[in-house]
Amino acid sequence: MDDSVDRHIARWRGKAPFDERVEAIATRMQFLVKYFAQAKDHALAAVGLQDYEYETLHRLGSRGEGGRVAPSELAAELKVSPAGMTGRLDTLERAGFVRRIRSEEDRRRVDVELTDEGRTLWLKAMELRGEVEDEMIGVLGPDDQDTLAALLKRMLLHMETRERS
């Protein structure tokens with residue numbers, strides 16, 4: 001059975017110089033990334049979150065229950081300016097999803113943590129995303145999933161190593 005990439009390659013065959021195998025892999029990966037992005041967008045819309053709000057809650061959620069972090073550390077992880085981080089946290093705090101608290105180690109410092117409401121919302125978005133991701137990847141059996149994960153890791157490590165050089 002042909003997919004949209006097979007048809008794409010057939011249309012371009014003989015008209016442009018490209019390796020059909022590489023084109024097929026790269027184009028399928030691009031299309032799948034779009035499907036993952038759409039799944040994320042739908043999950044966020046379903047729970048009423050913007051992408052930047054989700055990403056901020058996600059970073060906080062990864063620290064576990066009661067995990068606290070300095071806004072400057074969060075800004076560095078998310079690659080946003082300190083002023084941008086302040087705006088994000090102001091919005092999330094007004095919505096009741098995060099709270100700012102004095103650091104236990106240094107009373108001059110303020111840390112940020114998820115509220116119960118923020119954690120619940122973040123977990124719901126994760127669940128909705130996971131359902132679609134599981135459906136997409138679930139067409140492959142466990143052995144194929146392991147093989148795909150290993151191949152993608154090899155490709156990513158190559159590019160990450162190249163980037164550092």
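So, what covers the buried residues of α3? The cover includes α2 (20-47), α4 (71-78), α5 (82-94), β1 (98-102), β2 (110-114) and α6 (116-137). Helices here are DSSP runs of H or I with at least four residues, strands are runs of E with at least two, and both are numbered from the N terminus. This is a predicted model, where local features need pLDDT of at least 70, side-chain atom pairs count only at pLDDT 80 or more, and totals for chains, interfaces and linings use all residues. Residues are numbered from 1 along each chain as its sequence is written, and side-chain values use heavy atoms, with hydrogens and water left out.

Now α3 itself, residues 51-61: Glu-53, Tyr-54, Thr-56, Leu-57, Leu-60 and Gly-61 are buried there. Buried means under 20% relative accessible area, exposed over 50%, and partly exposed in between, with a 1.4 Å probe and protein chains only. Looking down the axis of α3, these buried residues fall within an arc of 165 degrees, so they line one face of the helix. That arc is taken from the directions from the helix axis to the C-beta atoms.

On to salt bridges, meaning a side-chain nitrogen of Lys or Arg within 4 Å of a carboxyl oxygen of Asp or Glu. The structure holds 15 of them. One joins Lys-40 to Asp-51, with the closest N and O atoms 2.8 Å apart. Lys-40 lies in helix α2 and Asp-51 in helix α3, so this pair ties together parts 11 residues apart in sequence. Lys-40 is buried, at 15% relative accessible area, while Asp-51 is partly exposed at 39%.

Notes
Contact means heavy atoms within 4.5 Å.
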